[in-house]
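The structure is shown first.

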Amino acid sequence: MQIEFKSADGVSHERLIEAFTNGYQRYFVSVALNQKILLHMIRADSVDLPSSLVAMNGDKIIGLAAIARRGWTSRLAAMGIVPEFRGKKIGTALLKRALDDARGRGERAMVLETIEQNEPARRLYQAAGFKTVRRLVGYACANVAPAPDSALDEIDPLDVSERVAQWSMPDLPWQIAPQTLAAMNPPHRGYGLGPAFALLTDPFANPITLRSLVVDPFKRKQGWATRLVRALAAAFPEKTWRFSAHVPEEIPFQFFNSLGFEKDKRTQLKMERSLLV
Ligand SMILES: CC(C)(COP(=O)(O)OP(=O)(O)OC[C@H]1O[C@@H](n2cnc3c(N)ncnc32)[C@H](O)[C@@H]1OP(=O)(O)O)[C@@H](O)C(=O)NCCC(=O)NCCS
């Protein structure tokens with residue numbers, strides 16, 4: 001079996017979308033990539049096609065490793081091998097090549113997020129030297145108690161990303177890092193209420209995902225985030241509200257619980273591999 005790895009640069013978007021879809025067959029959730037999502041990954045998540053890799057068997061793409069890059073860090077943004085080629089150590093070799101390339105570019109770490117219950121992926125990453133940094137959890141609530149509030153203000157989503165950069169914990173998962181949030185345009189929306197700020201997906205769709213929620217550190221534990229979420233629930237009634245599984249586990253469950261949110265069953269792990277050792 002002859003397998004070759006090559007840069008995804010120059011591979012047509014149509015073929016990449018197909019490779020992505022095929023590599024994520026029999027996955028936990030159905031992955032339906034399209035041109036719009038691919039372009040969003042390139043723009044918002046900093047996916048770098050020249051650094052991304054495809055695995056070829058002849059002229060057939062049988063796997064891919066999408067690589068995003070920011071400063072000294074790269075991120076394994078997607079990794080998939082078509083089902084008939086799984087379990088043959090192709091994932092192991094592809095990941096080794098991605099790590100070698102990143103080291104060769106002078107980067108210092110590679111990060112990723114993976115579904116904790118995805119045993120093959122977790123084993124692959126651990127064997128390649130990735131260590132768990134933190135568990136990430138998601139929440140959902142279909143009946144947030146609404147509380148109309150005249151202090152609720154729509155603001156530029158970019159302003160929310162700046163507050164997150166200033167006030168949030170360092171080392172957030174890539175999907176909710178301030179650099180990712182800074183690329184969120186309408187129909188995403190930003191809101192502020194006093195010292196509390198939120199960035200949400202299109203509020204006219206259902207569910208609405210809260211991509212970020214942040215409060216001035218000097219004004220915490222005074223109910224501002226709760227007031228903001230309830231005001232949003234009043235502004236956009238009868239919606240299910242979600243936090244994707246990107247929320248660091250150390251953020252107190254009590255906050256989500258008191259608003260009626262329930263924890264998702266599926267969790268993610270943020271993992272990191274130093275490239276200095
Ligand atoms: C995860 C994935 C990329 C691994 O690629 P692969 O080429 O099959 O992996 P390898 O053959 O190199 O094996 C890597 C590890 O996974 C384990 N593994 C492979 N298939 C497995 C299975 N069905 N069940 C349990 N473990 C499995 C291997 O045993 C190996 O671990 P080990 O070294 O401890 O034995 C592949 O399973 C896949 O594409 N899955 C669907 C997409 C996905 O989950 N992507 C990851 C998103 S974070």
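Which residues does His-246 touch, not counting residues up to four places away in sequence?

## Surroundings of His-246

The model is predicted. In it, His-246 touches Leu-136, Val-137, Pro-173, Gln-175, Ile-176 and Gln-268, with residues up to four places away in sequence left out. Of these, Gln-175 also takes part in a polar contact, side chain to side chain, with His-246 at 3.4 Å.

His-246 is part of strand E11, which spans residues 241-248. Its relative accessible area is 13%; because this is under 20%, His-246 counts as buried.

## Domain layout

The chain is divided into domain 1, residues 4-107, and domain 2, residues 138-263. Their C-alpha centres are 31 Å apart.

## Interface between the domains

Eleven residues of domain 1 are in contact with eight residues of domain 2. The two domains bury about 740 Å² between them, and carbon and sulfur atoms give 58% of that area. On the domain 1 side, Arg-43, Arg-70 and Arg-75 supply 66% of the area buried against domain 2, more than any other three residues.

Across this interface the rule finds zero salt bridges, but four residue pairs are in polar contact, both residues at pLDDT 80 or more. Helix H2 (35-43), strand E3 (60-70) and strand E4 (73-81) are the elements that give two or more residues to the side of domain 1 touching domain 2. By class, that side has five charged, four polar and two nonpolar residues.

Terms used: Residues numbered from 1 in each chain as written. Predicted model: local features only at pLDDT ≥ 70, side-chain atom pairs only at ≥ 80, totals over all residues. Heavy atoms only, no water. Domains from an automatic or database assignment. Contact = heavy atoms within 4.5 Å. Buried area = accessible area lost by both parts, 1.4 Å probe. Salt bridge = Lys/Arg side-chain N within 4 Å of Asp/Glu carboxyl O. Polar contact = N/O pair within 3.5 Å; in protein donor to acceptor, adjacent residues only side chain to side chain. Helix = DSSP H or I, 4+ residues; strand = E, 2+ residues; numbered from the N terminus. Nonpolar A, V, L, I, M, F, W, Y, C, P; charged D, E, K, R; others polar. Buried < 20%, exposed > 50% of the residue type's maximum accessible area, 1.4 Å probe, protein only.
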